[in-house]
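Let's take a walk through the aromatic side chains of this protein. Have the structure open and follow along from ring to ring.

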Amino acid sequence: MTVGIVGAGQLGRMLALAGYPLGLDFLFLDPAKDAPGGRVAPVLHGLFTDRELLAQLARRSEVLTFDWENVSVEALRALAGSAIKSPVGRGKRRTQDERRTRSARICPPIPALATAQDRVSEKRLFERLKIPTTRWRAVASRSQLERAIREIGLPGVIKTRRLGYDGKGQAVVRTPEDAERAWQEFGSVGLIYEEWIPFDCEVSIIGARSRRGEVAIYPLNGNVHAQGILRLTRAPFGPPRWQRLAARYLERVLAHFHYTGILTIEFFVRGGRLIANEMAPRVHNSGHWTIEGAVTSQFENHLRAILDLPLGSTRPVGYSAMLNLIGSMPPPAAILAHEGVHLHHYDKEPRPGRKVGHCTIVEPTHLRRDRRARQLLRELAPGIRIP
Ligand SMILES: Nc1ncnc2c1ncn2[C@@H]1O[C@H](COP(=O)(O)OP(=O)(O)O)[C@@H](O)[C@H]1O
Ligand SMILES: [Mg+2]
């Protein structure tokens, strides 16, 4: 059975690696000739907007899923539509032709992808589902920006509504001059202005929902970012009350979309309140620790969920810390010299700010985990501190 994956980045590659023991095959679509997934499965090379290639991927797969959510929703709707137009009547055998035109199921559901592509739709969804979020305004003109700043106040953050990741497409606004600079830089596309949250910490929750509605939720991740890029995740993290709150919010979104697959929500924590920041309709960087640190990894559970298999246990097997390797890969021997460190090398060209790998430790206590995480940070990410 073949799973088609749109995007052959490290997330796609880890999905494939998790699927081989289950007897699955994979096919990617990606514009990059040297995409990390290409080392482990075949790739259709072309743009994510290429309808013909998307259709080909869908024809050759049982189910279509994503390691990159910014795929044209229109193109996906057209694909889903063509799948409906060629139904196979009950009792009829599929002809050769019908088999050729059938199209894969798309998971997660297209409305969830569409919502996660646009920060404004995301905020509206959180509000509709009574999930606390930052105060925000959509901004499409300079006067709307001025008004948003008047109503929400300073400091705040300007973000592009679409296509932002790893802190790209956003700027902190502390003064009217900052606002002017951000407008010059980003004003040509739709924006959102939101309040700056002086958070105590950041957390994320990851969970899976299967086609039949079974739900499995991982322990909470405590995340440390620098320049908008995730640097360190620790899990399990935080008191049981945060876990309960985050899980409740996640379940609301899963149920709302009749979701299939892994979904992630990121939160700011301030004074014991969880404030939703954004969601990702896919496996998430803050869940990489689950490969070694949980009974079933987020990657395997995503595959189980979209293939309607029973979900695996999300129980942690210890206290994990995951460190992103950013920019360039340190010598692997130096990392592996640390006892018990698991290294994931994405085979990517070095570039400032680029995630080129990660490493994970799993320890029997949270104190030991934090001590070892500090030691690894000193060596591999000097300047990043555990708060
Ligand atoms: N309103 C905010 N208040 C405080 N910090 C923020 C705010 N928005 C973003 N950040 C910081 O920037 C990081 C990246 O922003 P995010 O909205 O998650 O975008 P991305 O899609 O790049 O992950 C966050 O994890 C947080 O550390
Ligand atoms: Mg984020």
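Which residues form one aromatic cluster? They are F48, W68 and Y165. Keep in mind as you look that this is a predicted model.

The structure holds seven aromatic pairs, and W68 with Y165 is one of them, with ring centres 5.9 Å apart and planes at 90 degrees. The pair counts as edge-to-face because the angle between the planes is over 60 degrees. Now trace the chain on either side: W68 sits in the loop between strand 4 (63-66) and helix 3 (73-85), while Y165 belongs to the loop between strand 7 (156-160) and strand 8 (170-173).

Next, move to Y249 and F267. Their ring centres lie 6.0 Å apart and their planes meet at 40 degrees, so this pair is tilted. Here, too, distant parts of the chain are linked: Y249 is in helix 9 (residues 240-257) and F267 in strand 14 (residues 261-270), 18 residues apart.

Finally, turn to a charged neighbour of a ring. R174 lies over the face of W196, at 5.6 Å from the ring centre.

Key. Residues numbered from 1 in each chain as written. Chains lettered and ligands numbered in written order. Predicted model: local features only at pLDDT ≥ 70, side-chain atom pairs only at ≥ 80, totals over all residues. Heavy atoms only, no water. Phe/Tyr/Trp six-rings, centres within 6.5 Å; stacked < 30°, edge-to-face > 60°. Helix = DSSP H or I, 4+ residues; strand = E, 2+ residues; numbered from the N terminus. Lys NZ or Arg CZ within 6 Å of the ring centre and 35° of its normal.
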